[in-house]
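Subject: Structure handover and findings

Dear colleague,

Please find the structure below for your records.

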Amino acid sequence: VQTERRSYEVPVTLYDKIIRSFSELSVLNENPGGCYLLGEDVYGNGASFRVTEDFTGTFDGGGHTICNVAVGKGLFNCIVEGGTVKNVRLKDISATSAALAKEVRGRVENAVAESADAKYMVYESQAGAEISRLFALLQNGACCVNKSNGAAMSEFFGFLGGAVSDGLT
């Protein structure tokens, strides 16, 4: 944008899909390299869903919530190099291990998970991963990342026995 006095650059993100319902989450498996925005809160009503493909794209939760979904070992199996998941809230997630991801090699930022079943937010992170601004209220308290193998991590918060904790194990 150019005015007489100043020039402005306005960043614009083009999304492959704006997800507005639980059934539309399937696009994450159909094209795991795409760019997606969660356009509103989505409710699984206890149904199962998991991104089984290595996720190389961008998933922006837009501050919205994915609620009442069974995710097994994590909503994302693996967020690989170049993949980004951000600005998302997971609530009432049924998980055998991690609420958000089994493995992270890419980037996760600004995420919240509340689950009575999940033990971790991320089960394992690898060197090169960037994980920041996580908040967790989980079965084990505030365990955000179970195993870290050299990932850059910062700003982890959660409740552990009623007190705010850094959430690292």
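Two aromatic rings are treated here as a pair if their centres lie within 6.5 Å. On that basis Phe55, Phe59 and Phe76 form one aromatic cluster. Please note that the model is a predicted one.

Overall composition

The protein has 169 residues, of which 44% are buried. Among contacts with a separation of 6 or more, 39% are between residues 24 or more positions apart. The accessible surface amounts to about 8,400 Å², and carbon and sulfur atoms account for 46% of this surface.

Aromatic pairs

The whole structure contains four aromatic pairs. One of them joins Phe22 and Phe49 in an edge-to-face arrangement, with 6.3 Å from centre to centre and 80 degrees between the planes. This pair links distant parts of the chain, 27 residues apart: Phe22 is in the loop between S1 and helix H1 (27–30), while Phe49 is in the loop between strand S3 (42–43) and strand S4 (51–55). Phe22 and Phe49 are both buried.

In soluble globular proteins, nonpolar side chains tend to be buried together. The largest nonpolar core here has 41 residues, and those that touch the most other members are Leu28, Phe59, Ile66, Phe76, Leu90 and Leu100. Strand S11 (residues 98–104) contributes the most to this core, with four residues.

Leu90 belongs to strand S9 (residues 84–91). With a relative accessible area of 1%, Leu90 falls under the 20% limit and therefore counts as buried. Apart from residues up to four places away in sequence, Leu90 touches Ile66, Leu75, Ala99, Leu100, Val112, Ala113 and Glu114. The C-alpha atom of Leu90 is 8.7 Å from that of His64, and the two residues are 26 residues apart along the chain.

Ile66, when neighbours within four places in sequence are set aside, is in contact with residues including Leu25, Leu38, Val42, Phe59, Leu75, Val88 and Leu90.

Salt bridges

Side chains of opposite charge can pair when their charged atoms come close. The count of salt bridges, taken with nitrogen and oxygen within 4 Å, comes to seven. In one of them, the side chains of Arg20 and Glu40 meet at 4.0 Å, N to O. Arg20 is in the loop between S1 and H1 and Glu40 is in the loop between strand S2 (35–38) and S3, so this pair ties together parts that are 20 residues apart in sequence. Arg20 is partly exposed at 44% relative accessibility, and Glu40 is partly exposed at 36%.

A salt bridge also connects the side chains of Glu103 and Arg105, at 3.0 Å from N to O. Arg105 is partly exposed, its relative accessible area being 27%.

Glu109 and Arg107 form a salt bridge in which the closest N and O atoms are 2.9 Å apart. Glu109 counts as buried at 15% relative accessibility, whereas Arg107, at 36%, counts as partly exposed. Through salt bridges that share partners, Arg107, Glu109, Glu130 and Arg133 are joined into one network.

Surface

Tyr8, Val10, Val12 and Leu14 make a nonpolar surface patch of about 460 Å². Tyr8 lies in the segment before strand S1 (17–19) and is partly exposed, at 43% relative accessibility.

Yours sincerely

How values were computed
Residues are numbered from 1 along each chain as its sequence is written. This is a predicted model: local features need pLDDT of at least 70, side-chain atom pairs count only at pLDDT 80 or more; totals for chains, interfaces and linings use all residues. Side-chain values use heavy atoms; hydrogens and water are left out. Buried means under 20% relative accessible area, exposed over 50%, partly exposed in between (1.4 Å probe, protein chains only). Contact means heavy atoms within 4.5 Å. Accessible areas come from the Shrake-Rupley method with a 1.4 Å probe; for residues, only the protein chains shown count as cover. Patches are made of residues with over 30% relative accessible area and no salt bridge: like charges are joined within 9 Å, nonpolar side chains (Val, Leu, Ile, Met, Phe, Trp, Tyr) within 5 Å. Helices (H or I, at least four residues) and strands (E, at least two) are DSSP runs, numbered from the N terminus. A nonpolar core is a set of buried Ala, Val, Leu, Ile, Met, Phe, Trp, Tyr and Cys residues joined through side-chain atoms within 4.5 Å. Rings of Phe, Tyr and Trp (its six-membered ring) pair if their centres lie within 6.5 Å; planes under 30 degrees apart count as stacked, over 60 as edge-to-face and the rest as tilted.
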